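Please examine the structure shown below. The questions that follow ask on what grounds each description of it rests.

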Amino acid sequence: MLLKEKIFKGKTLAILSGGGDTPAINSSIENIRNRALILGFKVYGIRQGWKGLLGEGDVVDLTNQPYNGRYGGTALFSSRTNPLNPQDRVNQIITNLKRYKIDILITIGGDDTNGAAKKLYEREGIPVIGFPKTIDNDLKTNTIHKYKSKEIEAVLCPGFPTAALRVSEMLRHLRSTNESHRRVMVVEVMGRDAGWLTGSGVFGGAELALVPECEMTKENKERFFEVVKERYNEKKNLLIAVSEGVRWWDDDAQQLSMVYASSETDEYGHKRFGGVSGVIASEISNKLNIPARSQISGYYPRSGFCSEYDRQLTSTLADKVLDLLIREDYGQMPVMQQIMPTEQLEEYNTTSIDMGKIGNQPLPEIYYDKQNFVFTDIYIDFLSNILGEPYCPTFGYDFKKVDPAML
Ligand code: F6P
């Protein structure tokens, strides 16, 4: 085929990012924008997710502009605005797409943003292509993890690799203060209802972990305390990574409970978690008489520059967006077919999935040992594709005690 001019000359493509930010969104925007320019599109950015298509609209021109994709977060800003509720928002969105002459929409988001985009495509015929994003890594991507003879359905979402790196570094650094005070340190990690990100604590030395996929019933909690006692006594310090969304047995209420930072809900109905690590640490102190502290990693995993892995991943998935655009294949989201190290993240290893079928995906059972509260070697193998081998240095010396009687 001889192309005399760019095939989408005269067309406009707009990008938006919705939901919690990640360190890889600017990288995604830059890479998608660059591919779209090659095809001849004018490229717009819609600010604050779907909110930027309501009212008067909030749209900026990204065509032929410098864009720093290494810088974390999203220069287009984000919001948790639900475009489908209330219903009159759909009309505002359609009106603004016409006013700004936007032909194609790329939605960078998780299940909420991309699920809504798919509905707009189906109901209103708005051409959309989704792009995965979440530090929680709980968005179905059909990515296969090959382990020995097994094929495990895993997930690989831009944003998770950088966040996992941050969590592992944070745990690695916390070790020294924890060793100094001979404490148990309970480190809380974001991830909402899934434990994917908590597992990255193991790569910085977490000896134990609690995840939402394992309910901490009365029995499980008792067993957990036994394990904590045993492991603490081995070396007098212990790092425990805990998911913010873990279900923890409340002795007073005699039921499982979740700890929230606030009672507010966002437009998709999510409440904000926060504080379970404090509850667990204080129970360890009080019930086991072991010095314990809690630390919420909070927004730190979401912050800072995009990692090399995420740079390559977003670039590869943007190559797939280019392919989808050329084939005018809408309602799709690009994904990696298989989990692999950075150098193997190439377009021929991508595919796309129907945005209507993405949904949330918890940690596979095979990745977590509920009996011993540890991540399995199979999870370690999964994450080592992204982070390399776990690196957990300790001071490492055990000095000989001086006995005055021997002097
Ligand atoms: O879904 C991404 C996420 O970072 C979750 O891990 C976390 O529970 C939530 O967003 C926090 O949301 P917000 O930025 O609204 O506090």
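Q: How far apart do the C-alpha centres of domain 1 and domain 2 lie?
A: The C-alpha centres of the two domains lie 32 Å apart. This is a predicted model, in which local features need pLDDT of at least 70, side-chain atom pairs count only at pLDDT 80 or more, and totals for chains, interfaces and linings use all residues. Residues are numbered from 1 along each chain as its sequence is written, and side-chain values use heavy atoms, with hydrogens and water left out.

Q: What makes domain 1 and domain 2 separate units in the description?
A: Domain bounds come from an automatic or database domain assignment. That assignment gives domain 1 as 12-134 + 306-357 and domain 2 as 160-303 + 364-387.

Q: How do you know that domain 1 and domain 2 are in contact?
A: Contact means heavy atoms within 4.5 Å. By this criterion, 24 residues of domain 1 touch 15 residues of domain 2.

Q: Why are E9 and E10 called a pair?
A: Two strands pair if DSSP finds at least two bridges between them; strands (E, at least two residues) and helices (H or I, at least four) are DSSP runs, numbered from the N terminus. E9 and E10 (residues 238-243) have three bridges in the parallel sense, so they meet the definition of a pair. Alanine 209 has alanine 241 in E10 as its bridge partner.

Q: Why are E9 and E15 said to stand at the edges?
A: The open sheet has four strands in the order E9-E10-E8-E15, with parallel pairing. E9 (208-210) and E15 (292-296) each have a single partner strand, so one side of each lacks a neighbour in the sheet. From one strand to the next, the twist averages 20°.

Q: Which helix packs on the sheet, and what is its direction relative to E15?
A: Helix H6 (residues 276-288) packs on it, touching E8 (184-189), E9, E10 and E15. Axes are lines fitted to C-alpha atoms, for helices over the stretch in contact, and angles run from 0 to 180 degrees between N-to-C directions. The direction of H6 makes about 175° with that of E15.

Q: What makes E6 and E7 a hairpin?
A: Five bridges join E6 (residues 143-147) to E7 (residues 150-154), and the two strands run antiparallel. Two residues lie between them, and lysine 148 in the turn has a positive phi of about 50°. Tyrosine 147 stands opposite lysine 150 in E7.

Q: Why is the peptide bond between asparagine 85 and proline 86 worth noting?
A: Most residues other than glycine have a negative phi, and most peptide bonds are trans. The bond joining asparagine 85 and proline 86 is cis, with omega about -5°. Proline 86 lies in the loop between E3 (59-61) and H2 (88-99).
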